[in-house]
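Reader: I would like to go through this model with a few questions. Please define the terms as they come up.

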Amino acid sequence: MDCYTANWNPLGDSAFYRKYELYSMDWDLKEELRDCLVAAAPYGGPIALLRNPWRKEKAASVRPVLDIYSASGVPLASLLWKSGPVVSLGWSAEEELLCVQEDGAVLVYGLHGDFRRHFSMGNEVLQNRVLDARIFHTEFGSGVAILTGAHRFTLSANVGDLKLRRMPEVPGLQSAPSCWTTLCQDRVAHILLAVGPDLYLLDHAACSAVIPPGLAPGVSSFLQMAVSFTYRHLALFTDTGYIWMGTASLKEKLCEFNCNIRAPPKQMVWCSRPRSKERAVVVAWERRLMVVGDAPESIQFVLDEDSYLVPELDGVRIFSRSTHEFLHEVPAASEEIFKIASMAPGALLLEAQKEYEKESQKADEYLREIQELGQLTQAVQQCIEAAGHEHQPEMQKSLLRAASFGKCFLDRFPPDSFVRMCQDLRVLNAVRDYHIGIPLTYSQYKQLTIQVLLDRLVLRRLYPLAIQICEYLRLPEVQGVSRILAHWACYKVQQKDVSDEDVARAINQKLGDTPGVSYSDIAARAYGCGRTELAIKLLEYEPRSGEQVPLLLKMKRSKLALSKAIESGDTDLVFTVLLHLKNELNRGDFFMTLRNQPMALSLYRQFCKHQELETLKDLYNQDDNHQELGSFHIRASYAAEERIEGRVAALQTAADAFYKAKNEFAAKATEDQMRLLRLQRRLEDELGGQFLDLSLHDTVTTLILGGHNKRAEQLARDFRIPDKRLWWLKLTALADLEDWEELEKFSKSKKSPIGYLPFVEICMKQHNKYEAKKYASRVGPEQKVKALLLVGDVAQAADVAIEHRNEAELSLVLSHCTGATDGATADKIQRARAQAQKK
Amino acid sequence: MAFPHRPDAPELPDFSMLKRLARDQLIYLLEQLPGKKDLFIEADLMSPLDRIANVSILKQHEVDKLYKVENKPALSSSEQLCFLVRPRIKNMRYIANLVNADKLAGRTRKYKVIFSPQKFYACEMVLEEEGIYGDVSCDEWAFSLLPLDVDLLSMELPEFFRDYFLEGDQRWINTVAQALHLLSTLYGSFPNCYGIGRCAKMSYELWRKLEEEEDGETKGRRPEIGHIFLLDRDMDFVTALCSQVVYEGLVDDTFRIKCGSVDFGPEVTSSDKSLKVLLNAEDKVFNEIRNEHFSNVFGFLSQKARNLQAQYDRRRGMDIKQMKNFVSQELKGLKQEHRLLSLHIGACESIMKKKTKQDFQELIKTEHALLEGFSIRESTSYIEEHIDRQVSPIESLRLMCLLSITENTDKAAGKITDAFSSLAKRSNFRAISKKLNLIPRVDGEYDLKVPRDMAYVFSGAYVPLSCRIIEQVLERRSWQGLDEVVRLLNCSEFAFTDMIKDDKASSESLRLILVVFLGGCTFSEISALRFLGREKGYRFIFLTTAVTNSARLMEAMSEVKA
C-alpha cells in the first residue's frame with residue numbers, strides 16, 4: 001500500500017493521472033503496428049488490424065490480411081482481404097467493422113469476420129478515389145466522412161440510414177488539408193480542416209474560415225487536431241510545437257501549452273473524465289507520450305514500442321505489441337482516499353478498517369474521529385465510489401470491506417448503493433477477464449448500460465456468461481435470459497454441420513417454454529440461412545399458431561400455413577393465406593385446397609358473395625354442389641337479370657341443378673316459378689296491369705279483383721291450387737271487393753271445404769252484419785257458438801251452448817254477456833250450469 | 001308480485017365501466033382527427049352509439065354534422081370525413097364511391113374509417129381493390145359490450161347468428177373471445193367454465209389463448225363472477241321460435257325493443273306523438289312487470305294505479321307544511337311513476353288489441369300442442385290455414401320450423417324451410433324433452449301468479465330447453481350424468497367443464513353466473529333464468545350477441561334483396 005500512489009503523476013496542482021496495465025497482450029503480432037491499418041472500438045471494444053494494406057500485388061501470399069482481436073488480444077477472426085485497397089478502418093457503435101475502400105465502397109463486417117453488407121459513398125468518389133476517411137460516432141449512430149482526391153468531403157451521419165451529404169467546396173484548396181476532423185454540434189456533423197495557417201469549418205451549407213481565440217502567433221501550419229469523446233473540446237497542434245486547447249465551437253480558449261517538439265505527433269487524443277474540471281490531451285510520438293493540460297509542466301512517458309491510442313469516455317487506452325494500458329485522471333474519490341496524508345473521511349475509514357482487522361484499538365480512534373466530524377455516511381459513500389474506480393479486485397475488496405465496516409455504525413444507511421456496487425463490480429470483473437477481454441471502466445459501464453453490455457456479449461457469442469449475468473442481476477426474463485437464449489438459438493441454426501433434428505432438439509431443450517422466446521423469429525433466421533426444413537421444425541414449437549403463418553407463407557408452405565391459420569382461429573389470418581394461395585396456385589388447385597378446409601371455404605364464399613360472384617359459381621361447380629349452384633342461379637334470376645327471358649333461363653339452369661342435387665321439391669318449385677313468370681308476362685300483355693313477381697296466390701287474387709274470374713279459375717287449375725286455399729283466397733278477394741252477391745253464389749257453389757265460420761268472420765271484418773248472419777246459420781255445430789257470438793247474437797249462442805252442454809262454450813258465451821242487455825241470458829246459462837252439476 | 005330477490009342474493013358487478021371505456025376510446029379516436037369533421041354512422045350502430053356517447057359529447061369533440069351511411073350520396077361539405085361502421089364489404093364500397101367521386105372532382109379531404117368492433121382484412125382488401133387504401137386511415141373501436149341493463153350485456157351483433165350458424169363464417173368468434181377477455185380483465189377470471197356447442201368451444205379456446213398470452217397481471221385479481229356458461233343458439237332453436245308471453249318478451253315481439261329502448265307509437269302514448277322509452281331496471285314500473293306472465297300484468301297495473309291514486313289523495317288532509325314537503329319530495333316521483341304507468345297500460349292495451357285480432361289464443365294453443373307433441377293433425381291444419389289466409393309469411397315459416405324441429409319430420413315443412421333444416425341437423429327434441437322433463441305435468445290450473453318453475457314463461461306449458469340445460473349443469477357443477485342429453489344434442493365433442501383451481505373466489509361470487517348466448521337470446525329466456533336465480537339464490541348476468549326473438553331469427557335466415 002505504501003507504493004499505491006507510485007503510478008500517480010501530478011499535472012499542475014489539482015490533478016493526478018495514472019496509467020495501469022489492463023492486459024499483457026500475447027497476440028503474437030509479427031508486424032509493427034505502424035505497418036498496419038488499426039481500428040479499435042471504444043468501450044473496450046475489439047481491435048481490427050489490416051496487415052500489408054498498401055501492397056498492391058495480386059499474389060495470395062502478400063495479400064492483405066484482416067485480423068480481429070478482442071481488447072485482450074484474443075483472436076476473433078482472420079481473413080484474407082480480397083477486395084480493393086482499403087483506406088481506413090473503423091468500428092460502428094454496433095461493433096461492426098467498416099472498411100472504407102479507395103473506390104468509395106464501404107464493406108461492413110461482423111465481429112467474427114462475417115461479411116454483412118456494403119454500400120458506396122457516392123459516384124463522385126469512384127473517379128477521384130478516397131484520400132482519407134474517418135468513422136465517427138454521434139448520438140444517432142456511426143457516421144463516415146471521406147476526403148476525395150478532388151479535396152472534397154462527403155459524409156453520412158448514420159450508416160444505418162444512409163444519406164450522403166456532399167460538403168461545400170473549400171475555396172482555393174489545391175492540396176489535401178494538413179489535418180481534419182469531424183465535429184458534431186447541435187446534432188449536425190461538421191468538418192473542421194486546416195490548410196496552412198488557416199482553419200475552415202464546413203457545414204452542409206457553407207464553408208467559413210475560423211480563427212481560434214487566443215492562438216499564439218507564428219503558426220504556419222496545423223499538424224494534428226483532436227476532438228474530445230463528447231465533441232465538446234478541441235485541441236490543435238501546430239508546427240511550432242504549440243498546443244491550443246479550447247471548446248469545439250472555437251469560441252473559447254481553455255489553455256495552451258508549448259511542448260517545443262516540432263515533429264508531427266503520431267496521435268493526439270483528449271483524456272478527460274465526465275464531470276471533471278481537468279482538461280488534458282495525450283500526445284504520442286514514436287517513442288514519447290505526453291500528457292498536457294492547464295499546467296506549466298507536462299507528464300511524460302517513454303514508449304518502449306510502437307503504440308496506439310484509443311480515446312475513451314473517461315481516459316485513453318494505449319496498446320502496443322506487448323501491453324494494453326489505461327491512462328486516466330485519478331477520480332476524486334480515489335484521490336481523497338489515497339492521497340498521501342489524506343485526512344478525508346474515506347481515508348480514515350479505510351485505515352480504521354485495517355486496524356480493526358489487526359485487532360488494534362486504533363480502529364476505534366479513527367472511527368471516533370470520523371464520527372465526531374459527523375462524516376461517517378460520507379466516508380462510506382466515498383469508499384463505495386472509490387471501489388468502483390479500482391481495477392484490481394483486491395483493492396476493490398478492501399474498499400468495500402471498509403464501506404461495509406463503516407456501515408455497521410450507521411443507523412439507517414440505505415443498502416442499495418453498496419449492494420449495487422458489489423453487483424456491478426462482479427459483472428465488470430467478469431467481463432474484464434482476459435478470456436472475455438472487455439476492459440470497461442465503471443463510468444463506461446454506466447454509460448453503456450447493462451442491456452448494451454449484454455448485447456455485446458451476445459455478439460461475441462458469450463451466451464453462458466450473458467445468461468449468468470442476467471440471472472445474477474435477476475433481470476426480468478423477457479429482457480434477460482429469454483432474449484439471450486433466442487440469440488443463441490439464432491446462432492445455433494447457422495451451424496450447418498449439425499443436422500436439422502439435432503439443432504431443433506437442442507434449441508427446444510434449452511429454450512423450452514421460456515416466456516418471451518419467439519420460436520418464429522428463430523425459425524425465420526433458420527430460413528434466412530436456407531434451412532427451410534429446420535425452420536418448419538422450429539415452428540412446430542411455436543405455441544401461437546398465428547405467429548407461424550407469415551413465415552410459412554414466405555417459405556411457400558402455403559397449405560401448412562392455411563391449416564395453422566385455421567388453428568389460430570383468426571379469420572383475418574386465414575383470409576391473408578387464402579389470398580396468397582389464390583395468387584400462388586392455379587384455380588383448380590386452389591379450389592381443391594379449399595375443399596379440404598371447410599372453415600376457409602365458407603370464409604372465402606362469404607367474400608365471393610360480395611365481391612366475386614362468378615368465382616362463387618366456379619366454387620360450387622368444382623365441388624359438384626348442385627344444391628348451392630341451384631340457389632345461386634335462383635338468386636341470379638332475381639338480382640342480375642332484367643329481361644324475362646334471361647330470368648327464365650336462369651331459373652331453368654337452377655332447376656337442372658336441383659334435379660342433379662336430387663332435390664325434386666326445389667326443382668318442381670323452380671319450374672312452377674318459371675311457368676308463373678311466363679304466364680304473368682302474358683297476363684300483363686293481354687290485360688295490362690302489374691302481375692310480374694306476384695306470388696301465385698296474389699296473381700289469382702289480382703285476377704279476381706280485376707273481375708277476371710275465368711282466368712283465375714284456369715290459373716288455379718293449372719297450378720293445382722288446393723281447394724281449401726282457393727276458397728280462402730276467393731273468400732278474401734270477394735269480401736275485399738264487397739261483392740256480396742258473388743260471395744253468396746260462391747258459398748253455394750258447393751259445400752265449403754273450410755266451413756262457413758270464415759265467411760262470418762270476413763263479413764264482420766267488413767262490418768257487414770247482415771251478410772254475416774246469412775252464413776252464421778250455415779256454420780257447423782262445433783263452431784256455431786263462436787259464429788253466433790261474432791254476429792252478436794248472444795241469446796242464441798247461449799241456447800246452442802246449453803244444448804251442447806259444453807262447459808267451455810258456456811263460459812265463452814258468459815264472457816260475452818254484458819251486464820245490462822244480456823242479464824237474462826246470463827241467468828239462463830247459470831241455471832243450465834247448475835242443472836248440469838246436479839246431474 | 002314481482003318477486004323480490006332473496007336477501008342473500010349477491011350484488012351485481014358494476015358494468016357501467018364498460019360504457020366509460022368505450023366512450024373514452026371513441027373520444028380518443030375522434031381526437032386523432034383534429035378539427036371539425038362530419039361523422040357518417042352506419043344505421044346499425046346508431047342506437048348503440050347513442051347509449052355510449054350522445055350528440056353533445058360528439059359535438060364537444062368537433063363532430064360537425066352527422067350522416068347515416070345509406071345508399072345515397074352524402075352532401076357533406078366538411079374537409080374531414082369520419083366513418084363509423086361495422087366491418088362489412090358494402091360499407092367499404094360506400095366509402096370507396098364517396099372517395100372516388102371526390103377524386104374525380106379533384107377534391108382532397110381527409111378520411112378516417114373507424115371499424116367497430118374490429119376491422120377485417122377483407123375490408124382493407126376491398127379498400128385496396130377500389131384504389132383508396134392509401135387515402136383513408138383505418139382505426140378500430142373495440143366496442144363490443146354494451147350494458148343494456150344491470151344484468152344484460154349485448155354485443156349488438158345480430159349478424160353473428162346468420163354469419164356463424166348459416167354461412168359457417170367464424171369471423172366473429174375472435175370478437176367474442178376478445179369481449180370475454182375484457183370481462184375477465186375487469187372483473188377477474190372465472191373459476192368455473194361450462195359450455196356447449198361448437199362455437200362455444202372455439203370461443204372458449206381462443207379466449208383461453210388470449211389469457212395465456214397476457215402477462216400474469218389479471219391472475220391475481222379476485223374473481224367477481226364465479227361461473228361462466230357458454231351456449232350456442234343452435235342447441236335450442238325451439239325456445240327462440242316460440243311466441244313470448246312474458247311482458248318484456250311480448251313488448252319485444254309486438255313493438256321490437258331496439259338496443260334497450262322501444263318506440264311506443266301514438267296508439268300507446270294516447271297522444272299524436274311517438275315516444276322513445278328506455279326499458280330497464282331504472283323504470284320502476286317496468287322492472288316490476290317485465291318478468292311477469294302477461295295475464296298478471298293488467299291486474300298489477302290497475303292495482304298500482306289505485307295505490308298511486310291513494311298516494312295522490314293523501315294530500316287532501318295535509319296542512320301547508322306537509323303539502324310543501326309532499327310537493328318537493330314526493331310529487332315528482334309520483335308524477336314520473338304516473339307517466340310510466342300510463343305508458344305501460346297503453347302498451348298493454350295495444351298488445352291486447354293486436355293479439356286478440358289474430359287469434360292469439362289459437363296460436364298459443366297450437367304452439368303448445370307442437371311442444372307437447374299432441375294433436376299433430378290439428379296443428380298441421382292450423383298452419384295450413386295460416387298459410388291459406390296469408391297472415392304473414394314469416395309467421396307461417398316460424399310455425400313450420402317449430403313443427404319441423406319438434407316433430408323431426410323431413411316432410412314438406414322441412415323442405416320449404418331449407419335454410420332452417422340445414423341448421424337444425426337432426427333434432428331429437430322429443431327425446432330431449434322427455435329426458436329433461438321440459439313439459440311439466442300439470443294437475444289442475446297452472447297458477448301463473450305464483451310460478452313454480454321456469455315453465456311459467458310459456459304459460460306453464462314448457463320449460464325453455466336452454467335454461468333447463470343451464471340449470472342442470474349448475475346443479476351438478478359439470479356435465480356429469482348428462483351424457484345422454486349431450487348426445488341427443490349432437491354435441492358430445494363440444495360440451496366442456498373447466499374448473500380453474502382458485503381458492504380466492506368468495507361464496508358470494510360463486511353465486512354469480514355469466515351466461516353467454518352465442519347467436520342471441522330471448523327475453524323469455526332471460527326471465528326464466530332470473531326466476532331460477534331467485535329460487536336458488538343465484539344471480540345471472542346475460543351476455544348475448546344480440547337480443548333476439550322468433551321474428552328476428554326467421555328474418556335473419558331469409559334472403560334480403562340487396
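Author: A cavity is a set of points, on a 1 Å grid over the protein atoms alone, where a 1.4 Å probe fits but cannot get out; lining residues have an atom within 4 Å of a point. Grid points are joined across faces, edges and corners, and a volume is the space filled by probe spheres set on the points. This is a predicted model, in which local features need pLDDT of at least 70 and side-chain atom pairs count only at pLDDT 80 or more, while totals for chains, interfaces and linings use all residues; side-chain values use heavy atoms, without hydrogens and water. Residues are numbered from 1 along each chain as its sequence is written, with chains lettered from A and ligands numbered from 1 in the order in which they are written.

Reader: How much space lies in the largest cavity?

Author: The whole structure was searched, and three cavities of 30 Å³ or more were found. The space in the largest cavity is about 80 Å³.

Reader: Which elements give two or more residues to the lining of the largest cavity?

Author: The lining has 14 residues, and the closest to the cavity centre are Tyr20(A), His328(A), His389(A), Thr441(A) and Tyr442(A). Helices (H or I, at least four residues) and strands (E, at least two) are DSSP runs, numbered from the N terminus. The elements that give two or more residues are β29 (323-329) and α8 (442-448) of chain A.

Reader: How do the residues of the lining of the second largest cavity divide by class?

Author: This cavity has a volume of about 70 Å³, and its lining includes Phe575(A), Phe607(A), Phe120(B) and Arg171(B). Ala, Val, Leu, Ile, Met, Phe, Trp, Tyr, Cys and Pro count as nonpolar, Asp, Glu, Lys and Arg as charged, and the others, Gly among them, as polar. The lining residues divide into six nonpolar, two polar and two charged.

Reader: What radius of gyration does chain A have?

Author: The C-alpha trace of chain A spans about 140 × 75 × 60 Å along its principal axes. The radius of gyration is taken over C-alpha atoms, and the globule rule is 2.2 Å times the number of residues to the power 0.38. A compact globule of 839 residues would have a value near 28 Å, but chain A has 50 Å.

Reader: What distance separates the centres of domain 1 and domain 3 of chain B?

Author: Domain bounds come from an automatic or database domain assignment. In chain B, domain 1 covers 15-142 and domain 3 covers 261-355. Taken over C-alpha atoms, their centres are separated by 40 Å.

How values were computed: On a 1 Å grid over the protein atoms alone, a cavity is a set of points where a 1.4 Å probe fits but cannot get out, and a pocket is an open set with protein on both sides within 12 Å along at least five of seven lines; lining residues have an atom within 4 Å of a point.
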